[in-house]
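Here are my notes, as promised. Have the model open while you read, and go through the points in order.

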Amino acid sequence: MGSPSHSSVIVVGAGISGISAAKVLAENGVKDLVILDASDRIGGRIRKEKFGGVSVELGAGWIVGVGGKESNPIWELATEFGLRTCFADYTNVRYNISDRSGKIFPREIAADSYKKAVESAIRKFRNQEDVGGGDNGSNSKTDSPSTPLELAIDFILHDFEMAEAVPLCTFRDLGESEFSVADERGFDYLLYKMAEDFLFTSEGKILDSRLKLNQVVREILHWERGVRVITEDGCVYEADYVIVSVSIGVLQSDIVAFTPLLPGWKLEAIQKCEIMVYTKIFLKFPYQFWPTGPGKEFFVYAHERRGYYTFWQQMENIYPGSNILSVTLTNGESKRVEAQADEDTLREAMEVLRDMFGPNIPDAIHILVPRWWNNRFQRGSYSNHPIISNTQLVHDIKAPVGRIFFTGEHTSDRFSGYVHGAYLAGEH
Ligand SMILES: Cc1cc2nc3c(=O)[nH]c(=O)nc-3n(C[C@H](O)[C@H](O)[C@H](O)COP(=O)(O)OP(=O)(O)OC[C@H]3O[C@@H](n4cnc5c(N)ncnc54)[C@H](O)[C@@H]3O)c2cc1C
């Protein structure tokens, strides 16, 4: 092993927060930096993959919060770099709910259930606010969803929208519209364009030796005058400061050891932050058998098990003629599906589709099941701070410890969970 390289700053993680942090440093004259990422690419949870002849986004796929009083910086970048997007048309989603026999619930019944679910969520939110952030158990039994329709609506509201029930900053300040990324170059094209400003690139590739991929950080030693970062393959990097941008799930796991240990308040904040697992499964068909057109982009399946292949998107708006459907699972269902063989997932998804569209639809010819929970460099999809911002928790999660700084979507006080939150946290 040669003597360790020394730089001013080491950035751990080349997701959007790590890249935006490094860019701001470079713009401010800090050019001797090193960016280490465990995987073989930049982007982290922004990740495209070729599937069924097009580029699908396994991670972030929507630019959320557009058209409000404040501008969404990711929307600005997308516009500047000509990223192809299309409007995500959720308008009719609550009326496209099928029961297990394929019948669409009548509009008035769906609307009524939806209204009740929103009212109940608002009541719960207000009660939590009154008791200062804790859940006082006010989600009474009578409020709890129990029928397949109620469970489906509860899933849409809580695992998807939330905007209608609680004043999330993203929707309140940035706007209520969402746009799907519909660009063959992928959402991560924005990261390459950002990197071009401060790293050496050629023909769409980053060739700068300051970006080091396949470097799994296992230990961060820190003392009064500097830091030392040690990777799984024994490389040692020294610097004046380190910025850690790995996900909250990675921080909760034992992959990165801090020596000396992080202080108790920091460890407590890290452990308190909840992680959401969110999985988009893609299915490719020989031909399209689902309805298309305005108000048909999303459809919902109501089952007695909450979150069981509930939320579907047809990708005709994004990639016309691609014959691809995507279904979203979350948390327990995501983990269950990650643990089983893809053929079992395909069989389950086909049973659900045959419930909705009848027995004669064709089998899917390909399936793609991302595994965010079992990816040791992610350990989940995004942070889920308690809805009522616990100011102390957010403060502690992002607070530096000596020469160690923390960034990433989970450190954003206003926009945690989102790409724009990660980007702004990195800049900050
Ligand atoms: C399925 C899914 C759907 C989503 N949908 C949306 C959406 O539609 N819109 C939206 O705004 N947001 C969405 N998000 C959230 C969004 O993707 C994230 O908030 C954002 O990309 C996080 O960026 P980050 O830089 O904080 O973290 P990351 O992108 O996770 O970057 C951290 C980097 O650290 C690296 N790393 C981890 N461990 C180590 C280690 N030990 N050593 C070295 N490197 C390490 C990782 O490889 C990774 O590249 C979604 C996320 C997922 C997973």
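**Notes on the model**

1. Val-217 lies in strand 12 (residues 217–223); helices (H or I, at least four residues) and strands (E, at least two) are DSSP runs, numbered from the N terminus. This is a predicted model, where local features need pLDDT of at least 70, side-chain atom pairs count only at pLDDT 80 or more, and totals for chains, interfaces and linings use all residues. Residues are numbered from 1 along each chain as its sequence is written.

2. Val-217 counts as buried because 24 other C-beta atoms lie within 10 Å (buried is 20 or more other C-beta atoms within 10 Å, exposed 12 or fewer, partly exposed in between, with C-beta atoms placed from the backbone). Leaving out residues up to four places away in sequence, Val-217 touches Val-12, Leu-36, Ala-38, Val-229, Thr-231 and Val-256; a contact means C-beta atoms, placed from the backbone, within 7 Å.

3. The unreviewed UniProt entry puts a "binding site" feature at Ser-17 and Val-217. Such annotations may be inferred rather than shown by experiment.

4. Ser-17 sits in helix 1 (residues 16–27). Ser-17 is buried too, since 32 other C-beta atoms lie within 10 Å. Beyond its neighbours within four places in sequence, its contacts include Ser-245, Thr-407, Glu-409 and Tyr-423.

5. On confidence, the chain's average pLDDT (the predictor's confidence in each residue, from 0 to 100) is 92, and 94% of the residues score at least 70. Over residues 133–141, though, pLDDT is below 50. Where pLDDT is low, the predicted coordinates should not be read in detail.

Technical notes:
Contact = placed C-beta atoms within 7 Å.
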